Amino acid sequence: MRSCVVTHEKLPKQELVRIVRTPDCGVIVDVTGKANGRGAYLKKDISVIEKAYNSKVLDKILEVGVPNSVYVELKELCK
């Protein structure tokens, strides 16, 4: 069980998507769940992703600016 950083719900990993700050300070969507780096989980729900974008919660947790392309990729995963 992991917690969504927006809703704070505890959910199985299959219902969440992991976003990772890589060691070189890049940000990627980790579809395997095994990428190296600091990670945060979001529920696979478009409304949750939009809340994360508006509140900049990933920027705060990962301590780096998250590019808009990451949010676009997250929305594609939810469809």
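Predicted model: local features only at pLDDT ≥ 70, side-chain atom pairs only at ≥ 80, totals over all residues.
Me: Hey, where does Asp30 lie?
Reply: Asp30 lies in strand 4. Strands (E, at least two residues) and helices (H or I, at least four) are DSSP runs, numbered from the N terminus.

Me: OK, is Asp30 buried or exposed?
Reply: Buried, because its relative accessible area is 6% (buried is under 20%, exposed over 50%, partly exposed in between; 1.4 Å probe, protein chains only).

Me: Which side chain does the Asp30 side chain make a polar contact with?
Reply: That of Thr32, at 2.8 Å. A polar contact is a pair of N or O atoms within 3.5 Å, one able to donate a hydrogen and the other to accept it; residues adjacent in sequence count only if both atoms are side-chain atoms. Also, a polar atom of the Asp30 side chain lies 2.9 Å from the backbone nitrogen of Gly33.

Me: And beyond its neighbours within four places in sequence, what is Asp30 in contact with?
Reply: Arg18, Val20 and Ala35, where contact means heavy atoms within 4.5 Å.

Me: New topic: how many residues has the largest nonpolar core?
Reply: 22, and Ile19, Leu42, Leu58 and Leu74 have the most contacts inside it. Such a core is a set of buried Ala, Val, Leu, Ile, Met, Phe, Trp, Tyr and Cys residues joined through side-chain atoms within 4.5 Å.

Conventions:
Residues numbered from 1 in each chain as written. Heavy atoms only, no water.
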